[in-house]
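Here are some notes to read with the structure open beside you. Take the points one at a time and find each place on screen before moving on.

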Amino acid sequence: MPTLWDAEFERTLEDLRARELLRTLRTVGRVGPRAEVSDGEGATRQCVILASNDYLGLAAHPSVCEAAAEAARAFGAGAAASRLLTGNLPVHEELEAELAAFKGVEAALVFSSGYAANLGSIPALVGSGDVILCDKLSHASIVDACRLSGARLRVYRHKDLTKLEDLLKRCVAFRRRLIVTDGVFSMDGDLAPLPEILELADRYGAVVMVDDAHGGGVVGPMGRGTTEHLGVDPRRLINMGTLSKAFGAQGGYVAGSRALVGHLRNRARAFVYSTGLAPPAAAAALAALRLASSDPSLRAALWANVRALREALGEASGRLLSADSHVTCVLIGAPEAALRVAARAFEEGLFVPAIRPPTVPQGTSRLRVTATAAHTLDEARRAGATLAEIAHDVLPD
Ligand SMILES: *Cc1c(COP(=O)(O)O)cnc(C)c1O
């Protein structure tokens, strides 16, 4: 029986399809550098996966998986209640202590996802009477959290410090000013100018929050993130991150002072009113964090593969967006062109889905290509060369 709204849903889907913006789910057989991927027509193809955020290859690492299995046996499959009731387990406390130490701050609080970490923490930090200054390319979870907070939202052009300063000058009358930015921008791979942002924040009495979902575990000599990479003292800001990318598990966190974490424990609704992070996810994240912080060979393998991929992509280099990080983007433009390149790549056994609006601005559809530590150098090199060839064939110069 259709509901009253189903016909309208169908029309919306038709419209998205007509504009090449319809999104569909592809079945990927497992997490890792290679997998069977469904072709959308009932068959599957063996592919090299170049689209995951499992940058260090830890999601399928034997000791990470074993930690998850052991935690399920020791604590249970789920936390069974909010942490503030009966859901607070030793594995949560251990994970938070080690995250704080890893980030170089006093304390940390974990949420059930990075999305929930932003959605819970930002509205707990600011509200009506306050203002948020936010980079234009900030992640959707930041934008949603800002709206939910009830604070005024001012968006500055991507990494434009002049514009940010203009806005700060005009926001002196607000009670509080919060600047929020991605550390490594998720769909461009470039880095926020944190030292300069902090200097402006100090000058105009603002606090800075950085979402380092893509930087944690990866950038900086020890993988501590964008703050480490850019030489910024993490204690000067509010550090948010995820456990679902380089740490290969699930969950998100906010790290900073003890006072901040105490406040969030009481005020972040996505923490207070949500079941504690599942013990297997917490234990997997903890095992991954230990590997990421003790084994520099993982980052070395990642960077070697990223370099190999970029070098081989060379011919398409006019279309490469940024070389600041491990996230490599090939700018294509129209969504149908991006889909065409992605479809050709799939035929060659490379899974690189096209990134289209609204994830990225109109006219900037792209391929976001991620080599991970788990690929071989040869895979990274071949993937780059194949993609360069396809782009050359399919796209006008
Ligand atoms: C992925 C991502 C998130 C959300 O994290 P999840 O753990 O996947 O919910 C938040 N911010 C940024 C910048 C991200 O890339």
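**Notes on the model, starting at the ligand**

1. Let's begin with the ligand. It is surrounded by 14 residues, and the closest are Asp211, His214, Thr242, Ser244 and Lys245. Please keep in mind as you look that this is a predicted model.

2. Next, pick out some individual contacts. One oxygen atom of the ligand is 2.7 Å from an N or O atom in the side chain of Ser244. For Gly114 the backbone is involved: a polar backbone atom of Gly114 is 2.8 Å from an oxygen atom of the ligand. His139 brings in its side chain, where an N or O atom is 3.4 Å from a nitrogen atom of the ligand. How much of the ligand's accessible area does the protein cover? On its own the ligand has 380 Å² of accessible area, and the protein covers 86% of that.

3. Now turn to strand β6, which spans residues 177–182. Is this strand mostly covered or mostly open? It is mostly covered, with 6 of its 6 residues buried. Follow the side chains along the strand: Arg177, Ile179 and Thr181 point one way, while Leu178, Val180 and Asp182 point the other way. In β6, the residues pointing either way are all buried.

4. Stay with β6 and look at its neighbours. Strand β4 (residues 131–135) pairs with β6 in the parallel sense, over 4 bridges. Strand β7 (residues 207–211) also pairs with β6 in the parallel sense, here over 5 bridges. Leu178 is a handy residue for tracing both pairings: Leu178 is the bridge partner of Ile132, and in β7 the bridge partner of Leu178 is Val207.

5. There is also an open sheet of 3 strands to find, in the order β1-β2-β11 and with mixed pairing. Which strands sit at the edges? They are β1 (34–38) and β11 (350–351), each of which pairs on one side only. Strands β1 and β2 (residues 44–49) run antiparallel and are joined by 5 bridges. To locate this pairing on screen, look for Glu36, which stands opposite Gln46 in β2.

6. Go to helix α1 (residues 6–18), where you will find Phe9. Phe9 counts as partly exposed because its relative accessibility is 45%, which lies between the 20% and 50% cut-offs. Together with Leu4 and Trp5, Phe9 makes a nonpolar surface patch of about 430 Å².

7. Ile142 has its place in helix α5 (residues 140–149). Ile142 counts as buried because its relative accessibility is 0%, and buried means under 20%. Ile142 and Leu119 are 23 residues apart along the chain, yet their C-alpha atoms are separated by 7.2 Å. The other residue is Thr328, found in strand β10 (residues 328–333). Its relative accessibility is 1%, so Thr328 counts as buried too. The side chain of Thr328 makes a polar contact of 3.0 Å with the side chain of Arg310.

8. Finally, some backbone details worth checking. Most residues other than glycine have a negative phi, and most peptide bonds are trans. Glu20, in the loop between α1 and β1, has a positive phi near 60 degrees. At 33% relative accessibility, Glu20 counts as partly exposed. Lys159 also has a positive phi near 60 degrees; look for Lys159 in the loop between β5 (152–156) and α6 (161–169). At 28% relative accessibility, Lys159 counts as partly exposed. Which form does the peptide bond from Pro357 to Pro358 take, cis or trans? It is cis, with omega near 10 degrees. You will find Pro358 in the loop between β12 (354–355) and β13 (365–369).

Methods: Residues are numbered from 1 along each chain as its sequence is written. This is a predicted model: local features need pLDDT of at least 70, side-chain atom pairs count only at pLDDT 80 or more; totals for chains, interfaces and linings use all residues. Side-chain values use heavy atoms; hydrogens and water are left out. Patches are made of residues with over 30% relative accessible area and no salt bridge: like charges are joined within 9 Å, nonpolar side chains (Val, Leu, Ile, Met, Phe, Trp, Tyr) within 5 Å. Accessible areas come from the Shrake-Rupley method with a 1.4 Å probe; for residues, only the protein chains shown count as cover. A salt bridge is a side-chain nitrogen of Lys or Arg within 4 Å of a carboxyl oxygen of Asp or Glu. Helices (H or I, at least four residues) and strands (E, at least two) are DSSP runs, numbered from the N terminus. Buried means under 20% relative accessible area, exposed over 50%, partly exposed in between (1.4 Å probe, protein chains only). Two strands pair if DSSP finds at least two bridges between them. A residue is near a molecule or strand if one of its heavy atoms lies within 4 Å of it. A polar contact is a pair of N or O atoms within 3.5 Å; within protein, one must be able to donate a hydrogen and the other to accept it, and residues adjacent in sequence count only if both atoms are side-chain atoms.
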